[in-house]
Amino acid sequence: MYNSPISLEEACVDFICENLEALCEVTPLMTLSPPADGSDKPECHKEEKLTLKDDSVLPPGISDRLLEQLSEKGKLKDLTMTLFDSNIATLRNVRMRKAGKLTTKGLRMLKGHKIRSLEAIGLTVSVNDLIGCLGEWTLQNLRSLNVARSTFMAGSKYCVVVGLSKLQNLQSLNVACTEFNSHGLEIVIEDLPHLEVLNISGTQVSDISSLRKCRDRLKSLYMYNLKVSHQESVVRILLELHQLQHLDISDEQDRHPFDLLEPNPSSISDLFKPECLPHLQYLDISGAERVDEDALRDFVLAHPNMTFLGLMYLNACYDQMYVNPDHPHYRQDLVVTGLASEKQVMEGLERYPHRPIFLQKCLLNLFRITNLYRETRSDLIKLVVRGMRLHQGQYGIQMAATACLYNLTKGELANRVHPSILRDVVELSLDAMETFPSHFQLQKNTLLTLCSDRILHDISFDKYRCARLVLDSLCAFNEAAVNRMSVAICSVLAAKISTRDSSLLGAQPKYMRKLLTMVEARMATKTSDITMKFTLSALWNLTDESPATCHMFLEERGLDLFLSMLSVYEQETSIETKVLGLLNNIAEVPELRSNLMCSSFIEALRKLLHSRHIDVSYFSAGIIAHLSSDGPAVWIVDSVKREEMLQDLGQVVLKWKTPSSEMVAYRSFIPFFPLLKCYEASQVQLWAAWAIHHVCSKNAKRYCMMLVQEGGNSILQEMLDLSSDEIVKDICQSILKMVEHESNQSSENQPIEIDPVEIHIIPPSDI
């Protein structure tokens, strides 16, 4: 079982988000608008609308969840918003945390809904434009509005907040990190009589004196990173807000040296009088200056209903009453953020996703804490991933986060993490690699995470992109661990991507040159370590059914190198097998076979054909079969006659004992078909038929269907009529019986979808 499995609803919503094109259709619409030239004739506009193909209706909860997920995945744009037409969807609690791609055209879809809470973060259109897109019911009944990191200007020179005045029943307003200023604060305090929760963090508000007008109703005030003039009056004003239950006056901005010269600086500790703010339950003073720890301790003791205390970057977090359960004043129900314990760090990650300095500090401490973890912690992985996604351009956060992800997913820990969570881990790791290509340690961190059997074999992600970035890292850094991990990852991924993608990678000179250089360096010292084997596997898989990669291999003088390896690594089966496997790929390309027609290689190949190791013999036989299939006219080697080689080929294949397990894997049988049609050389047909029979007998579900889909069964049927070799015909008949049996089995059971992209599975000993 996985740790923290997702719910069925989450899985369904995620599926819809990832398959919008398949589940929806785009319908053209004609709309009319008032004429721009003042005439009586309205203007006609062509627009598009997204609808579900089966005319489904989205119920309220699902509508809200789907909109939120589309936003989180960055797929929310004007066309996507048309899916939420009020005739088929019901929106109540709208959360659009990535609303930067929306214009008023898309936002107008909100007009037909009765919305109670609205988050539209990162808008590029103005907040006033957003409010203009809301229906009358929403304007009268909206309770909560969050427009953090949006804009009140959008082309205007001034911060216009007049639209907020229309929301007469608004109770909660978040304008954090906008151009909202002191004048705007005065307006909303006057015009929004029910306002109880206000977040003005990181705004341009410099005077909070207008808050006095709502001192009898304001319950929550967030002023994180707010630079207020006349600091000495801030504490006095806050003390007047006697109904406050939540107060955030934290500050993570670096202080200017001249701030230290401020005459008679006010101390935040003036707030900590036991009788002040009697209803306070939440207090965040992280990063504050001049905190009197004794006064703070007395204040907390005088407020038994307090449930949260933010102490990031404060020595106060180490106070025993906050970390030691045996302390007489320790309270289990009081949540504290800080760096003194794992619990404090976790709370910091949970509560400060948008505060980069706090977040980075938490991640650095989390790395230290998780270094010896032995239990899967999906909750922590989600927090790290969230931080990475929100701060993709900040190296410090990405560096610390990639280190944490390795600690949290290494070894057996990844086996109990849900695939959807691991997919996020991979995607964010790749984003970090792409954003910071020249930072060695970050690249190494991501490679450590990616070099995982669980991730590489079981998780769905963009494997081509991953392989490309890993190869870029391999070329950028010449370090033993990076080299080893990079080729290990590529050796697996190259077998899982399409031949088109493997050709795009393999045809890049810098990639081929780097891989061959690594092989050459190890051959010079006759090294056959794990890095060598992974590198050979990567080259083998990249050249499979990829003429472009085979051409590049030859252009970079790979053939001379590999022919030398056959003598340097004689009798080293694992090396010989990989070398011959790659040369077999070259032999499959008709126009490249002439490169293999040299006496020294053919003589060595004849010797390897008789190897007592079947895998060495098998791939040697494959090369011989391909070289012989073009007929006697192109066999230009005099030292070994074609007839002699074919005779050896037939005798060796007939002596093979069928291996107990699948010896090789193929992504296609198409390269075998010309060999099956080589009637003038039955030994060539024999090898091809034996190879197909071998993999079909070991993995019938996969290969029998592949054979039928590619038309191989018709060729085998034809051979029964045309071949003169009874042994070849017997093998063909046996394959056709397996195909028939598997077809009958499949018709009785559920259809089985076959993954067509495996090839050359790396032996477990190489991993």
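Student: What makes the pairing of the Ser250 side chain with the side chain of Asp248 a polar contact?

Tutor: The two side chains come to 2.7 Å. A polar contact is a pair of N or O atoms within 3.5 Å; within protein, one must be able to donate a hydrogen and the other to accept it, and residues adjacent in sequence count only if both atoms are side-chain atoms. This is a predicted model, where local features need pLDDT of at least 70, side-chain atom pairs count only at pLDDT 80 or more, and totals for chains, interfaces and linings use all residues. Residues are numbered from 1 along each chain as its sequence is written, and side-chain values use heavy atoms, with hydrogens and water left out.

Student: Why is Ser250 called buried?

Tutor: Its relative accessibility is 1%, and buried means under 20% relative accessible area, exposed over 50%, partly exposed in between (1.4 Å probe, protein chains only). Ser250 therefore counts as buried.

Student: What makes the pair Asp14 and Lys73 a salt bridge?

Tutor: Their side chains meet at 2.8 Å, N to O. A salt bridge is a side-chain nitrogen of Lys or Arg within 4 Å of a carboxyl oxygen of Asp or Glu. The structure holds 40 salt bridges.

Student: How do you know whether Asp14 is buried or exposed?

Tutor: Asp14 has 16% relative accessibility, so it counts as buried. Lys73, with a relative accessible area of 29%, is partly exposed.
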